[in-house]
Amino acid sequence: MATYFTIAQQVFSALNGPANAASSNATEFANGLSNSTTTSSPPSITDLSSLATFLLSFGALADWLKLIVFGGALETLRRMAFSLYYKIIASFWITASFHEEDSSYDWMMVWLSKQSSWETAREVEVSTRSFGLNSSAIIVPGEEDDLSLLSSRKLAYLPSASLSYSMWYHRRYMTVTRVQTQTGYYGQKEERLQINIFTRTHRVLNELLLEAKKEYMAASEHSISIFVSDSNNSWRNVASRPKRNLSSIILDPGVAELLVDDARDFLESKPWYAARGIPFRRGYLLYGAPGSGKTSIISSIAGELALDVYIVSLSRVGLDDSALSELISNLPEKCICLMEDIDCAFSQNLNRDEPSTPADAPGGSEGAPPPPPTAMAAGASTSRISLSGLLNALDGVAAQEGRILYATTNKYTSLDPALCRPGRMDIHVEFKLASRYQAKRLFNQFYLPFDEDAAKKKEAEKATGKAAEDDDSGYNSADEDAVIDLDPTPSEKSDAKPTYFGTSHREHAPQLRPKQIAALAERFAEAIPEREMSMASLQGYLMTYKIRPYEAVRSVKEWVADEREARAKREKAQAAKIKSEAEAAVKTGSENSETVSTDS
Ligand SMILES: Nc1ncnc2c1ncn2[C@@H]1O[C@H](COP(=O)(O)OP(=O)(O)OP(=O)(O)O)[C@@H](O)[C@H]1O
């Protein structure tokens, strides 16, 4: 201590009277310098030693040096103490980060949105983001009571960005912060949720994570999550769709069962694949007529096997081979990877409206007008993907294990054999145009009594003589076994009605007995030519007779005739177009050859 006091005294003396001790030395030094300058010779050893003598004799400088060393040591100690302090404090906290692109972020945000602490928070963010959920998992208290509010998107309280909130979880103190950072790309922001829990063990964090995940899963139990890739090649949960019952998709007997059982068996066979060193991947190629149920069965399988669907849009602008490979390698272990219209991925020539071979266009009638030229141009591939890039992404070293790939196409024969080989596409299933069997089942499914309980109740009321006089349901228990009469039912009878296309929901469908519907379905199917119409077009037709099953059966022959006529016209126009293009090509070719011969 005495030493430091002495140093401090010397500092003061140096500041107050610098000339006292040092002036004579300084003069000496200056003289030395001028001498050396005038003689213009390099400084001699004597000059350097005089410089050293000068510096050492400059008492304040030595003291300054001591002070710097002392201050440095003090600062180091201070930093060490703080770092130790933070380490000790940090050992009582657990910090977890959730990145916006990751599913765990959605789970936590949904969980947070349901915490009561927002009811008293002074600053909150109000949001209608659903975080991939369809259900009312996140709501503002009281919103559910008002039915008129439920029709629109749900409101939710969320932590405001860049603010820290404190709350309690299982009697543990925790803080929540939404951290936003600028990514540098066009002012885009990246978001991360940070949670600090005052606990020494991971137990509380584990409980929190599992609780959030369970709640999210429970809320999304009846839906499938759809992921698409964003411009940064990260997967984003963009929507959740209600699960579609497998039985609602009517395929040829055994097809749906084959697809579901095979996929289920695959998911359970990881050890089998590992034991044989076979890559744990499965690919399905669904090909055939448009509107035959390829996409529908995939979403139904996803629901059945509780898998999320990751859609790879091969024609997405900016998607190239490396981006595709990155996307595929970032897939989760168990999921469905869907590539629709895989034939359109590489070439601009392959257009869905121009069948490459007759086999690719079996009928092809959709009942819809051909798309306008602009739509066709828009449908032209903008892809920068090469076939080898796709093949590598599918089964290269970086390809994800455990995923199920579904690829769909309307042009089976135009696909490269390398793409279709087992290992990439293990099972190929053809989806044909509707058979009579499918048409019958579709009709049956379409007009099944909407509410059988209500029908039974009405029947009971009838039995007790309380039948409603204004019953226009079209249902009559006496008709149950009756021969089907295609005359309009009371609800179908209509006088002057406004002309419109489609079915008004204000009208009610007659509730028919299964036997009645079966009989109508039989007649409907008889009128449908085998493998000529797509299921989508049949569904579209029935939609226009949503509440008029009798009329649907009465008019079906006429509709089939119209469809055939429309298709013949389209085919004729198509043939004329191809012919004119071929003639133009021949003409251009002969002109070119003439030019060449003239030149030569
Ligand atoms: N086999 C089927 N059973 C029940 N509904 C079907 C069937 N096929 C098609 N549909 C109905 O037709 C519509 C279109 O079906 P979907 O998109 O699955 O056809 P797709 O074969 O994928 O057509 P595309 O090749 O044009 O993509 C859906 O609304 C679906 O309900």
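## Overall picture

Among contacts in this protein between residues at least 6 apart in sequence, 77% join residues at least 24 apart; two residues are in contact if their C-beta atoms, placed from the backbone, lie within 7 Å. Please keep in mind that this is a predicted model, in which local features need pLDDT of at least 70 and side-chain atom pairs count only at pLDDT 80 or more, while totals for chains, interfaces and linings use all residues. Residues are numbered from 1 along each chain as its sequence is written.

The secondary structure comes to 19 helices and 13 strands. Both are DSSP runs numbered from the N terminus, with helices being H or I over at least four residues and strands being E over at least two. Of the 600 residues, 25% count as buried. A residue is buried if 20 or more other C-beta atoms lie within 10 Å of its own, exposed if 12 or fewer, and partly exposed in between, again with C-beta atoms placed from the backbone.

## Confidence

The predictor's confidence in each residue is the pLDDT, which runs from 0 to 100. Its mean for the protein is 77, and 70% of the residues reach 70 or more. Over residues 17-30 the pLDDT is below 50, and this stretch has 9 contacts in the model beyond near neighbours in sequence.

Residues 467-483 also stay under 50 in pLDDT, and the model gives them 23 contacts beyond four places in sequence. For the complex, the predictor reports an ipTM of 0.98 and a pTM of 0.67.

Two strands pair if DSSP finds at least two bridges between them. Antiparallel strands β5 (residues 172-182) and β6 (residues 189-198) are joined by 9 bridges, and V176 has I195 in β6 as its bridge partner.

Helix α5 (residues 103-113) is largely enclosed by the rest of the structure, because 8 of its 11 residues are buried. Those buried residues are D106, W107, M108, M109, V110, W111, L112 and S113. They pack against strands β1, β3 (156-158), β5, β6 and β8 (235-242), and against helix α7 (203-219).

## The seven-stranded sheet

Another open sheet has 7 strands in the order β8-β7-β10-β11-β12-β9-β13, with mixed pairing. At its edges stand β8 and β13 (427-431), each with a single partner strand, so one side of each is left without a neighbour in the sheet. The twist from one strand to the next averages 25 degrees.

Within this sheet's order, β7 (residues 223-229) and β10 (residues 309-311) pair in the parallel sense over 3 bridges. I226 has V309 in β10 as its bridge partner.

## Nonpolar cores

A nonpolar core is a set of buried Ala, Val, Leu, Ile, Met, Phe, Trp, Tyr and Cys residues joined through C-beta atoms within 7 Å. The largest one has 72 residues, and the members that touch the most others are Y310, I336, C337, L338, Y406, F443 and F524. This core draws at least three residues from each of domain 3 (235-370 + 381-432) and domain 4 (438-565), with domain bounds taken from an automatic or database domain assignment.

Leaving aside residues up to four places away in sequence, Y310 touches F227, W235, L331, C335, I336, C337 and L338. A second, separate core of 24 residues includes W111, F131, L208 and A219.

Most residues other than glycine have a negative phi. D341, which is not a glycine, has a positive phi of about 50 degrees. D341 sits in the loop between β11 (335-339) and α12 (373-379), and counts as buried because 20 other C-beta atoms lie within 10 Å. R531 is another residue other than glycine with a positive phi, near 55 degrees. Its place is in the loop between α17 (514-527) and α18 (535-544), and R531 counts as partly exposed, with 15 C-beta neighbours inside 10 Å.

S322 lies in helix α11 (residues 321-329). With 12 C-beta neighbours inside 10 Å, S322 counts as exposed. The C-alpha atoms of S322 and I385 are separated by 8.9 Å, although the two are 63 residues apart along the chain.

Note on methods. Axes are lines fitted to C-alpha atoms, for helices over the stretch in contact, and angles run from 0 to 180 degrees between N-to-C directions.
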